[in-house]
Number of protein chains: 4
Amino acid sequence: MAMNEDPIVDPDILDLGLAEPGRRRIEWVCQSMPVLQAVRKSFIKAQPLAGFRVLAGFLLTPETANLLITLRDGGAQISVAIPAGSLKPADLLASLSKDYGISHLPAPAALAGEPQWVLEQGGRLLADPIPGLLGATLEWGSPKNYPFPVISIDQALTTRLFDHRYGVGQSVLDGILRCTNLFLSGITVVIAGYRWCGRGIATRARGMGASVVVTEIDPTRALEALMDGNRVMSMAEAAAIGDLFITATGNKNVIGRDHFERLKSGAILVNVGHSPAEIDLGALDRIASSHRTIRESVEEYVLRDGRRIQVLAEGQPINAATGQPTAVRDITMAMHALSLEHLTKNAAEMPPCIHPVPEEIDRQVARLKLDALGLKIDRLTPEQEVYLATGPEAN
Amino acid sequence: MAMNEDPIVDPDILDLGLAEPGRRRIEWVCQSMPVLQAVRKSFIKAQPLAGFRVLAGFLLTPETANLLITLRDGGAQISVAIPAGSLKPADLLASLSKDYGISHLPAPAALAGEPQWVLEQGGRLLADPIPGLLGATLEWGSPKNYPFPVISIDQALTTRLFDHRYGVGQSVLDGILRCTNLFLSGITVVIAGYRWCGRGIATRARGMGASVVVTEIDPTRALEALMDGNRVMSMAEAAAIGDLFITATGNKNVIGRDHFERLKSGAILVNVGHSPAEIDLGALDRIASSHRTIRESVEEYVLRDGRRIQVLAEGQPINAATGQPTAVRDITMAMHALSLEHLTKNAAEMPPCIHPVPEEIDRQVARLKLDALGLKIDRLTPEQEVYLATGPEAN
Amino acid sequence: MAMNEDPIVDPDILDLGLAEPGRRRIEWVCQSMPVLQAVRKSFIKAQPLAGFRVLAGFLLTPETANLLITLRDGGAQISVAIPAGSLKPADLLASLSKDYGISHLPAPAALAGEPQWVLEQGGRLLADPIPGLLGATLEWGSPKNYPFPVISIDQALTTRLFDHRYGVGQSVLDGILRCTNLFLSGITVVIAGYRWCGRGIATRARGMGASVVVTEIDPTRALEALMDGNRVMSMAEAAAIGDLFITATGNKNVIGRDHFERLKSGAILVNVGHSPAEIDLGALDRIASSHRTIRESVEEYVLRDGRRIQVLAEGQPINAATGQPTAVRDITMAMHALSLEHLTKNAAEMPPCIHPVPEEIDRQVARLKLDALGLKIDRLTPEQEVYLATGPEAN
Amino acid sequence: MAMNEDPIVDPDILDLGLAEPGRRRIEWVCQSMPVLQAVRKSFIKAQPLAGFRVLAGFLLTPETANLLITLRDGGAQISVAIPAGSLKPADLLASLSKDYGISHLPAPAALAGEPQWVLEQGGRLLADPIPGLLGATLEWGSPKNYPFPVISIDQALTTRLFDHRYGVGQSVLDGILRCTNLFLSGITVVIAGYRWCGRGIATRARGMGASVVVTEIDPTRALEALMDGNRVMSMAEAAAIGDLFITATGNKNVIGRDHFERLKSGAILVNVGHSPAEIDLGALDRIASSHRTIRESVEEYVLRDGRRIQVLAEGQPINAATGQPTAVRDITMAMHALSLEHLTKNAAEMPPCIHPVPEEIDRQVARLKLDALGLKIDRLTPEQEVYLATGPEAN
């Protein structure tokens, strides 16, 4: 069993005997999180969260566990409320409790503890009123009106580069290969949507030898896809030639009834977008004579004319963040930690709305990552700063 | 002689006998400007510029000539003032005058004509007060305070993709090959700056088999460069390993004294940035024992220790827009034309400052380009528009 | 559990109750083996193996099972002898026995059956004298002197392209990602050896955003690597900068004591070559203060100076053929089948030595693959055939 | 004017006043020929050609001039016979004569000098009997029966990599851009033939952002093209979608009547193959209503239905070797020199037929190139040599 997979899950009661393997998983992953470790070091020294009550509404993974530990080491009284319906890895829970004094609570109990700050994935905790809450960080959440300042982690440029473009580019292909044993060289991959995720997947699919077709509704993004070396066409045209379809639009019915009619037998459909409705499975079901699960996460629909269509993960978004490489999650975890520190210092002056990650934090995380890689970049000389400020004409 | 090069230039007096070759050049290039031609067709029908006095402060190329003709066909009284010091291609001037009734005037005379609208490259005309001016479009200009609305063509997304990223990626390498007969496979290309131009050049240099090193002062852009498959380091480190250096930063002394000391003999230095001072030629001169022009646009400096360094175009930015493929300039010319149309309808309501190209024009140009390529993209269904507006939860 | 993984292995006795899941695995994989299926169709009709006793010394996978069935359908009396020490997937064995009448025998019993033809992976069966043997096909075997003709599957051009270059390019990276959760964008991958495998891995690693360094002992291959966009240096230099090292040389101690001394902490070492000795693990052990298994297939060595080095699969070649995508194995399985057919017709005239796959079979397999993909290529016109035969001067 | 272009050509009589610019051109190019310079150094010391009469039947370029000088410095009595119909650059001739004592002779006079060795491009000199000739090197020649040993430079692996694959990949695209001002990003490039040249062009065209289609008659090469990320189809299909067509097959009528009928207006046709008949211009002429030269090397055919087709260089192979980067020609010139040295030592024992470049010369040139680039590669240890010789089993 791989070390960052879950040995025993959904425990009824905490089994502290599992703390040891849990701690090993946490420490193993820690080695690949140099950015968060740099933040942790500074937190240990500066104690920016001293005395604050912090609640984290996170999926529990070795990566989020390391964030919790970082917050604790920064002085926070930290607890975690795993979203209902998500896995509760017994070994991580045991180690967090025994080794780090961090407890898991059901949401109502957690909220009863009157947290001052919330860090969250998805936004379910924040959907309810939380008396006394001073601010929050939010990942994977849609903007809403909140009566306190919320920093949206998704909008940091470094997060987008790592988590949304390059991370997804690797992890989506990786996830598909693990389900299907597909050979990418020479096949036609159709990608619906050419935003951060679509670009990342297209780049990596071309890099693996596939011929990539992009569909878009935006003409500028369509042109960009074209000039990047992809082909561009409508989904109606693409449907007839694709071997693998990946939707990344956030919209519904991106592949629908009319497209199903044109698919080649053996076509594989995957959704990586925010919307669970990108592939119109209802319509697919109606034109199918049967369907069955042929491998874990692979459903095969046999159409009335004999064609076989495979749908991964029942059309739900694959590659939840747990599928991302640790080096990618490292960036995002550091963004949470530094954004929380920023809130503790500035929330009083911040209007009660969604804020992007402050630019200086974005750059700080990028700089920490470069440091971790041992890469040096240039710094402006005083002379250059003057030149940039005044322009060529003044010089 | 190639048809889009200049047969006879800088005439003292107009020689209408050259109109025929000029017209052929204009028409030849016109075939590769489908987007501008689509605009022209709509202008001929709608006459949006009817009765307006328009002055174009443009370098005169077959591409800009086609823009002038489009404006004339849209009803404008159009004249052109070629910037002082720029080429005055006799054949194009002759054809514009004889075949299209468009005359070239020195700037003072042109301004005396009391233009209502100005289209400009560089911004010298706009630097002076122009009584009665209602608005302008500006390419290659730095933001200033103007007492009328100015649309900045450089900031359109489609312009950036075509002109700044992919166009430059091709034309800079092309320009360097014409000067130097360099073989790109396997050499190390150092690119200073990873904005639109730097990204485009890096992508194409890798595509030609070079190993690319990027230097940056911004950590996020440095990380992006790294994840795109480039190496990242400081210029001090890069100086010692590069075969070809391309600066694209807009700053001064990006390659300076300390870097010259570390260059390999045979290194080639090129500037494509906005600043004429990116390579510190003064410092290079001081450590050189001699220099001489060895080919057109190639200056060889022999350093005291015997190393030979080549500088292209005396460190001035190569690849002025005339070096861009016509298909790239087509986009930008269409942006000027449609932005002028927009100004004529809306300038009265627009505050007197720099405006980006309106988003709908950006998308219109992209859509015209896709049409010209015969490419279809998807359109939102009414159902999808509702879904996007209301989000997954409401659906 | 994935369908082409083994549910129950190493059975003592055959459990026919497992035939059903076994058959489903065989049929599932069959859908991705169109080339072998085309061969099977022709075999069913022509019965080229009618009456022959055939022994297959193969690892048992769903792909090799499909080859066995194809041979059976071509008329052969076929049995399989799984190499000692290899897995014996109970479900596949059950289905082969119950559904297809193909039995598994220990090598001695299999040889007692006096096979006329052997198909083999590795060459252990062929190492012993087999009375009455008329010929064999051999995969993954080193050339030896045999008293009968042997067709070497490894040397077919199509096999090399699929199995050795592009297949390996995907499956090696895939295998590494499953062990390590590594993020490839921006890391430095050092590949020792630039033959078929090395080229394939380098291409795909660059395609995933890595910066690739190649080490070689052959100057021509080194230059090819360079011009393909990789960096080239000695292993001594590469050792200090690599994040991931992949050996593909067939030699020993390609990474040895002196290199270990220079590795960065966290470096990962992987062997994909034919030699089990490419990484000098003995030397690594001697300079390590400890080592432990941290995940399946991942051994971490802690050096005396604190650096941590990870070795995958104990330095044994990863990516045995079972790791290849089915579409890749399809080609190789078809090569076995058609080479056997060729032997049955021509072995009497073939000298007793190693033969390459006949060129016409190589092209036939390639053509079947193109047909399966629905791709058309051109054919020479009679006029063109004359031209090619006589040259430009005669025309 | 660029320094490696010809200032004055086809002189009636030698004008020694042009020796100075000629010498500068020769020396300038010499800086980019480190491999030939290394050979020259060894020749100066060892004088391997001392006393031999050598005739070079070469196009005269700065690169071939450097080869002539190298042979002279190796002790040869060297003269050059420029092929009839080729340019006679007056400056190079003047410098060769005045500065290096190398004279140009018409072929009959040159042969009257009873050369012992011939180095040739194309093979016209060798087509006639040359009494006393001991051997020859041949570039761009088709195999014939000769009564003396001939080393075919074209077949060296390093020559193929540099001159046929990567060199052509750059120089063909470069040549097309200089004629046409085409923008490669996003266009569809159709390449007929996927041998060395086709592969090189396809790789670089994809690298410049084009979408590449390959047509082939060989199924294995077609599959290779596909897995490299190109699309594969018949020319009949490709004709309808291509923007730029490049033939590299060596065959005739690769693009013919039926294909012309399907071309898009604006399509550009280029031949880079050995055959001058790859594009059936006769057929194109018959379906055209007119054609005219619109730029140097660009002929536009207007078809009866109004479509416009452009043909470059009248369908003749573009990119004669003079278009190759100097770094590429450096390799080939060194091959000539070292092959001649080899002949002087071994011709007596070599059968009178075509020989490939000896493998050790091929590797020597590659090694000199690596040295020139400052790149180190590994060498086998004695232990590794034993291992390779005896195999894993003995170790």
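Two residues count as in contact if their C-beta atoms, placed from the backbone, lie within 7 Å. I write this down before anything else, as the entries on chain-to-chain surfaces rest on it. I also note that I am working from a predicted model.

**Entry 1: chains D and B**

Do the copies meet through the same surface or through different ones? I found that 96% of the interface residues of chain D are also interface residues in chain B, so the copies meet through the same surface.

I next looked up the make-up of this contact, to which chain D gives 27 residues and chain B gives 27 residues. On the side of chain D that touches chain B, at least two residues each come from α6 (157-180), α7 (196-207), β12 (288-295) and α12 (326-346) of chain D. The largest share is that of α6(D), with 4 residues. Sorted by class, the side of chain D that touches chain B holds 14 nonpolar, 8 polar and 5 charged residues.

**Entry 2: chains A and B**

I repeated the superposition for chain B on chain A, and recorded a rotation of 180°, a shift of 0.0 Å along the axis and an RMSD of 0.1 Å. The two copies are thus related as by a two-fold rotation axis. The same surface serves both copies here, since 100% of the contact residues of chain B recur in chain A.

In this contact I noted 44 residues of chain B and 44 residues of chain A. The helices of chain B that each supply at least two residues to the side touching chain A are noted in part, including α6 (157-180), α8 (219-227) and α13 (359-373). By class, the side of chain B that touches chain A has 21 nonpolar, 11 polar and 12 charged residues.

**Entry 3: residues 219-227 in chains C and D**

I turned to helix α8 of chain D, residues 219-227, and asked how many of its residues are buried. The helix is mostly covered, with 9 of its 9 residues buried, and the buried residues run from D:P219 and D:T220 through to D:L226 and D:M227. What covers the buried residues of α8(D)? The cover includes α7 (157-180) and α14 (359-373) of chain C, together with α7, β8 (211-215) and β9 (231-232) of chain D. Just after α8(D), I noted that D:G229 takes a positive phi of about 105°.

C:P219 counts as buried because it has 22 C-beta neighbours inside 10 Å, where the cut-off for buried is 20 or more. Leaving aside its neighbours within four places in sequence, C:P219 is in contact with D:R363, D:A366, D:R367, D:L370 and D:I377.

**Entry 4: nonpolar cores**

The largest nonpolar core has 246 residues, and I asked which of them touch the most other members. These are A:A334 and D:A334. Setting aside its neighbours within four places in sequence, I found D:A334 in contact with D:V35, D:L36, D:V39, D:V365 and D:L368. A second, separate core of 245 residues includes A:I191, B:L93, B:A94 and C:I151.

**Entry 5: chain A by itself**

I counted 14 helices and 15 strands in chain A. Its radius of gyration, 23 Å, agrees with the value near 21 Å that a compact globule of 395 residues would have. Along the principal axes, the C-alpha atoms of chain A fill a box of roughly 70 × 65 × 40 Å. Buried residues make up 56% of the 395 residues in chain A. Among contacts in chain A between residues at least 6 apart in sequence, 68% join residues at least 24 apart.

The domain assignment divides chain A into domain 1 (16-156 + 325-373) and domain 2 (160-321). I noted that the C-alpha centres of these two domains of chain A lie 32 Å apart, and that 6 residues of domain 1 are in contact with 7 residues of domain 2. The side of domain 1 of chain A that touches domain 2 has 4 nonpolar, 1 polar and 1 charged residues.

Key. Residues numbered from 1 in each chain as written. Chains lettered and ligands numbered in written order. Predicted model: local features only at pLDDT ≥ 70, side-chain atom pairs only at ≥ 80, totals over all residues. Least-squares fit on C-alpha atoms with pLDDT ≥ 70 in both. Nonpolar A, V, L, I, M, F, W, Y, C, P; charged D, E, K, R; others polar. Buried ≥ 20, exposed ≤ 12 C-beta atoms within 10 Å, placed from the backbone. Core = buried A, V, L, I, M, F, W, Y, C linked by C-beta atoms within 7 Å. Rg over C-alpha atoms; globule rule 2.2 N^0.38 Å. Domains from an automatic or database assignment.
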